[in-house]
Amino acid sequence: MNNIIDALQWRYATKRMTGATVPDDKLNTILKAAHLAPSGIGLQPYEILVISNPQLKQQILPIAMNQVVAVESSHLLVFAAWDEYSAERIDHVFDHLNRERGTNGTTSDRQRQFAKNFFGQMSLDENFHHAAKQAHIALGLAVAAAALEGVDATPMEGFNAAALDEFLHLPQKGLRSSMLLALGYRDEANDWNLSLKKVRKPFDELVTTLK
């Protein structure tokens, strides 16, 4: 599929998957789409963990409220947001930016200091929720890219985040899980959701044009 509207019309919240493996080239395209996602001040305050090990997915199943796509997926992606916009993390991003662009530190100093001041005024919970929103932009692009690649993608917010964080040792990395994304191929014979008509609210209830 090369038309994004057709691709998004094709995709749905897949409830059962076959377990078939998503090829590396398709997986890499999906991950690269997430990598290229925009984020506030370009900080990309999140990481994506890619899980394909069946034993790990089986252990995550009860944490994910026994949603079977967690184990039937080819790959389970964990979107993990920063728990804090620390000065060290912000410096790391801007130092990398300057190296890649071949510019000196003073070029980005104003934006660097703005980021430190802006996030420094927030609580840790506010830091995390801001970072999680940035992560979900990347998740949305991953979902769209998956549809264009003919890969099913099921976003999952129904899981015990604290338990998943402990299982994956995320606090030691300064991360907190925000969303899961199951990637795989629909089980057409057993997925009750496949035959249901795709329904969204009326377009004019979603979009208002101000004049």
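Q: What makes a residue buried in this predicted model?
A: Buried means under 20% relative accessible area. The model is predicted. Of the 211 residues in the chain, 40% are buried.

Q: Why are E3 and E4 called paired strands?
A: Pairing takes at least two bridges between two strands. E3 and E4 (residues 175-184) are joined by 5 bridges, so they count as a pair. They run antiparallel. Asp152 stands opposite Gly184 in E4.

Q: What is the strand order in the open sheet?
A: The order is E1-E2-E4-E3. The sheet has 4 strands, with antiparallel pairing.

Q: Why are E1 and E3 said to stand at the edges?
A: Strand E1 (46-51) and strand E3 (152-156) each have a single partner strand, so one side of each lacks a neighbour in the sheet. From one strand to the next, the twist averages 25°.

Q: Which strands does helix H2 lie across?
A: H2 (residues 24-35) lies across E1, E2 (75-82) and E4. H2 runs at about 165° to E1.

Q: How many helices and strands does the chain have?
A: The chain has 9 helices and 4 strands. Along the sequence they follow α-α-β-α-α-β-α-α-α-β-α-β-α.

Q: What share of the contacts between residues at least 6 apart in sequence joins residues at least 24 apart?
A: The share is 80%. Each such contact has heavy atoms within 4.5 Å.

Technical notes: Residues are numbered from 1 along each chain as its sequence is written. This is a predicted model: local features need pLDDT of at least 70, side-chain atom pairs count only at pLDDT 80 or more; totals for chains, interfaces and linings use all residues. Side-chain values use heavy atoms; hydrogens and water are left out. Helices (H or I, at least four residues) and strands (E, at least two) are DSSP runs, numbered from the N terminus. Axes are lines fitted to C-alpha atoms, for helices over the stretch in contact, and angles run from 0 to 180 degrees between N-to-C directions. Buried means under 20% relative accessible area, exposed over 50%, partly exposed in between (1.4 Å probe, protein chains only).
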